[in-house]
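Hi there,

Here is the structure I promised to pass on. Please have a look at it first, and then read my notes below.

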Amino acid sequence: MRVVHLSSYDINGGAARAAWRVHDSLRLVGVDSSMFVSIREGYDPQVEQYVPSPGPVVRLNRIVRRDLLRRELQSASRERPSGFDDFRDDRTIFGSEVAHSAPDADVYHLHQITDFVDYRACLPLLARRAPIVWTLHEMTPLTGGCHYAYDCTNFTGECGDCPQLGRSKRRDFSHSVWRRKEGVFASIPRERIHVVGPSKWIAAEAARSSLLGRFPVSIIPYGLDTDLYRPMPEARRLLEGFGVDPSMRVVLFVADWTSVRRKGFELLDSALGALCNSPQTTLISLGRGDAPKLQSKLKHIHLGSLTDDRMIAAVYSMADVFVIPSLQDNLPNAVLEAMACGSAVVGFRIGGIPDMVRDGVNGLLAPPGDVKGLATAIQSLLGDDQRRVQMGKAARAIAEQEYSRRLQGERYVDVYRSLKPPSATEGVEHA
C-alpha cells in the first residue's frame, strides 16, 4: 500500500510536525509512506517538495491569481479583530497544478493544506485517483476559513456573519468560502473521503459540521516517539545557564505562536499573579515571536522557537509543571510531549485536553477560562512534591501505553484497509 501525505509543510509548525509523525508511524508498521509538501524544511528523503511549473503562461497565471486572492482576503480582513489565528482561503495560486503533480498513491492522506491544495481544483481530481483520508489538525476544512471557531456555531450552517471578520454581513467572505467548499464536497462520493479527528472534540465538531458531516469520521490520537521524548533529569542543570537555581520551581508554557489569544497566555499571566511573591518560581516560555509580556513579577525566560526534538525534550524535562491555558485546542502536541517527558499537566477542560489529561491522575483541569481555578491547580502541584512526581510518572506511563507511534500507525492502517479502491466505487472516473 502506497500512501502519499499532502501537507503545506513537513516540520514547520504543530500541524506539520503532527503530519510528519503520522507519516513516520506508518513507516514503522511497514507502509510505503511519503510526503508531498509545499515547503520542505527537514531532511527526510521521503519528503518531496512540490516544484511549480516554470512555464511562462503558468507563471503568469499564478501571479494574477496571487494578486486577486490577496486583494480579496485583505478587503475581507480590514475590520478583523486582533489575536485570532490566520483566516484562510480555500483557493490557492497553484490551481490544479498540485493535483496533477502529486505522486500516484493508493491513498491520499491530507493534513493542513492551506495555501497549497486548492479545494475546487484539486480535491475532485485526487478523489478520482484514490480514496482520501483527511486528518483534522484544526477546524479550517469544516469552516468558512477560521482556524478555530471559538463560540461560533455558524459552521453547522452556511457560515457568514463571521465574528472573526469583524463585520455583521450574512454573505461575507466566510460564506463565499463555505459555498465553494460545499460545492466541492457535494461532488465527491461519500466513500471517497474518510475524516480522522485526533481528539474526540474535533471529531464531534466535524460530524456536526455542514461541510464534513456526511463523511465517515474516526478518532485516532496522535502518536509520539517516547524514546526521543523522555524524562531527562540531567536537564535541570541547564537552568544554571539561564541564571536559575535548579532547586527553583519551573512552570513551562509552550505555543506555536504565543501571541494568539486562543492559546491563553494572558490567562496564565493572571493565574501566575498569585505566585508573584514567590521568588522560588520561574516561568519558561517556548514559541515563535517576541517574548510574551508578563504582567506578574515572576522571573520569565523566553527561549523562542526550537525545532530540534532533543532540545525540546530537554526543556520539558526542566519543568516541574507544564501549563496549557488554551481556550480552544485540538490535541496539542505540547501536552503529549510534556507527558512523555514526565511532567504533570495543568490546563482547562476544553477540546482534546481531557482526552490526555486525567484530572487528579496525571494533572489537574480547571473549568474553561477559570483563572482562579488554574492558579489553584498550579499552586497545588508546585507545593506538593510527592503528588507532582506521582502525576509525572503517570503521565509518562499514559504516553507510552496510549500514544505510541506504533499504535497510531496500526490505527491508520485499519482505516486505509476499510476504504474502497477506485474500481469498486461507482461513479468515480479513473485517472
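To start with the aromatic rings: two rings of Phe, Tyr or Trp (its six-membered ring) count as a pair if their centres lie within 6.5 Å. Please keep in mind that this is a predicted model. With that cut-off, a search of the whole structure turns up 15 aromatic pairs.

One of them joins Tyr119 and Trp134, whose ring centres are 5.7 Å apart with 45° between the planes, a tilted arrangement. Tyr119 belongs to helix H4 and Trp134 to strand E5 (residues 132-135), so this pair ties together parts that are 15 residues apart in sequence. Are these two residues buried or exposed? Tyr119 has 5% relative accessibility and therefore counts as buried. Trp134 is buried as well, with a relative accessible area of 1%.

Another pair is that of Phe253 and Phe265, which is edge-to-face, with 5.2 Å from centre to centre and 65° between the planes. Here the partners sit in strand E8 (residues 249-257) and helix H7, respectively, so the pair ties together parts 12 residues apart in sequence. Phe253 is buried at a relative accessible area of 1%, and Phe265, at 6% relative accessibility, also counts as buried. There is an aromatic cluster to look at too, formed by Phe36, Tyr50, Phe94 and Phe116.

Let me take H4 first. Its axis and that of helix H5 (residues 173-187) come within 10 Å and cross at roughly 10°. Angles under 35 degrees count as roughly parallel, so H4 is roughly parallel to H5. Which residues make the contact? On the H4 side they are Tyr119, Arg120, Leu123 and Pro124, and on the H5 side Arg180, Lys181, Val184, Phe185 and Ser187. Tyr119, then, has a part in this helix contact as well as in the tilted pair with Trp134. By class, the residues of the H4 and H5 contact are five nonpolar, one polar and three charged.

Now to H7. The axes of helix H7 (residues 265-272) and helix H11 (residues 371-382) come within 8 Å, crossing at roughly 60°. The two helices are therefore oblique to each other, and their crossing is right-handed. H7 contributes Leu267, Leu268, Ser270, Ala271 and Leu272 to the contact, while H11 contributes Val371, Leu374, Ala375 and Ile378.

Finally, a couple of loop residues. Thr114 is in the loop that runs between strand E4 (107-110) and helix H4 (119-129). With 15% relative accessibility, Thr114 counts as buried. Beyond residues up to four places away in sequence, Thr114 touches Ser8, Arg88 and Thr140.

Pro216 is located in the loop between helix H6 (200-208) and strand E7 (217-219). Its relative accessible area is 23%, so Pro216 is partly exposed. If neighbours within four places in sequence are set aside, Pro216 is in contact with Arg190, Ile193, His194 and Val195. As for Val357, which is 141 residues from Pro216 along the chain, the C-alpha atoms of the two are separated by 27 Å.

Terms used
Residues numbered from 1 in each chain as written. Predicted model: local features only at pLDDT ≥ 70, side-chain atom pairs only at ≥ 80, totals over all residues. Heavy atoms only, no water. Axes fitted to C-alpha atoms, helices over the stretch in contact; angles between N-to-C directions. Helix = DSSP H or I, 4+ residues; strand = E, 2+ residues; numbered from the N terminus. Parallel < 35°, antiparallel > 145°, perpendicular 65-115°, else oblique. Left-handed = near helix turned anticlockwise from the far one by under 90°. Contact = heavy atoms within 4.5 Å. Buried < 20%, exposed > 50% of the residue type's maximum accessible area, 1.4 Å probe, protein only. Phe/Tyr/Trp six-rings, centres within 6.5 Å; stacked < 30°, edge-to-face > 60°. Nonpolar A, V, L, I, M, F, W, Y, C, P; charged D, E, K, R; others polar.
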